[in-house]
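Hello,

Here is the structure I promised to pass on. Please open it first, then read my notes below.

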Amino acid sequence: LPTACSWSYFAGFFDAEGYVRVPAVYSCIRLEVRQMYPQALQALCSLVQREFPQSRCRVAEVASGVHSLSISAEKVSRGTLEKLL
């Protein structure tokens, strides 16, 4: 598993394991990637935090053996999506 990664790596990972969430109750974009290996998600989170120091990127266990990387700050979510294109 990588300790550092590129935006190309993140793009492939997001394509396979990620999704964009736009809640109906308020206008915002939330990015989420779920995976069983928290180390891979932490490498992605570190990439986001290097590019966007104000990010609220976090990795948490959401179910037994399932971890989630969440990006909920609007500017960071949009900036991350632009990097993934």
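**The sheet**

Start with a pair of residues: Y19 has E32 in β2 as its bridge partner. This is a predicted model, so local features need pLDDT of at least 70 and side-chain atom pairs count only at pLDDT 80 or more, while totals for chains, interfaces and linings use all residues. Residues are numbered from 1 along each chain as its sequence is written, and side-chain values use heavy atoms, with hydrogens and water left out.

A word on terms. Helices (H or I, at least four residues) and strands (E, at least two) are DSSP runs, numbered from the N terminus. Two strands pair if DSSP finds at least two bridges between them. Strands of a sheet pair through backbone hydrogen bonds, either parallel or antiparallel.

Now the strands. β1 and β2 (residues 30–35) are antiparallel and share 4 bridges. β2 also pairs with β4, again antiparallel, over 5 bridges. There, Q35 has H67 in β4 as its bridge partner. β3 (residues 57–63) and β4 (residues 66–71) are antiparallel too, joined by 6 bridges.

Put together, the 4 strands make an open sheet in the order β1-β2-β4-β3, with antiparallel pairing. β1 and β3 are the edge strands, each pairing on one side only. From one strand to the next, the twist averages 25 degrees. Angles run from 0 to 180 degrees between N-to-C directions, and axes are lines fitted to C-alpha atoms, for helices over the stretch in contact.

Look at G18. G18 lies in strand β1 (residues 18–21). (Buried means under 20% relative accessible area, exposed over 50% and partly exposed in between, with a 1.4 Å probe and protein chains only.) Leaving aside neighbours within four places in sequence, G18 is in contact with F13, E32 and V33. Contact means heavy atoms within 4.5 Å. G18 and L85 are 67 residues apart along the chain, and their C-alpha atoms are separated by 14 Å.

**The helices**

Next, find α1. α1 lies across β1, β2 and β4, and runs at about 80 degrees to β2. α2 packs on the sheet as well, touching β2, β3 and β4. The direction of α2 makes about 155 degrees with that of β3.

How do the two helices meet? α1 and α2 (residues 38–51) pack at about 130 degrees, with their axes 11 Å apart. They are therefore oblique to each other. (Angles under 35 degrees count as roughly parallel, over 145 as roughly antiparallel, 65 to 115 as roughly perpendicular and the rest as oblique.) Their crossing is left-handed, meaning that the near helix is turned anticlockwise from the far one by less than a right angle; clockwise would be right-handed. On the α1 side, W7, Y9, F10 and F13 take part, and they meet A40, L41, L44, L47, V48 and E51 in α2.

**The aromatic rings**

How many aromatic pairs does the structure hold? There are 4 aromatic pairs. Rings of Phe, Tyr and Trp (its six-membered ring) pair if their centres lie within 6.5 Å; planes under 30 degrees apart count as stacked, over 60 as edge-to-face and the rest as tilted.

The rings of W7 and F10 have centres 5.7 Å apart and planes at 15 degrees, so this pair is stacked. Both residues lie in α1 (residues 7–17), 3 residues apart, about one turn of the helix. W7 and F10 are both buried. The rings of F10 and F14 have centres 6.5 Å apart and planes at 50 degrees, so that pair is tilted. F14 is buried, like F10. W7, F10, F14 and F52 form one aromatic cluster.

**A last stop: T80**

T80 sits in helix α3 (residues 74–84). T80 is buried, because its relative accessible area is 0%. Not counting residues up to four places away in sequence, T80 touches W7, F10, L31, V48, F52 and I71.

Best wishes
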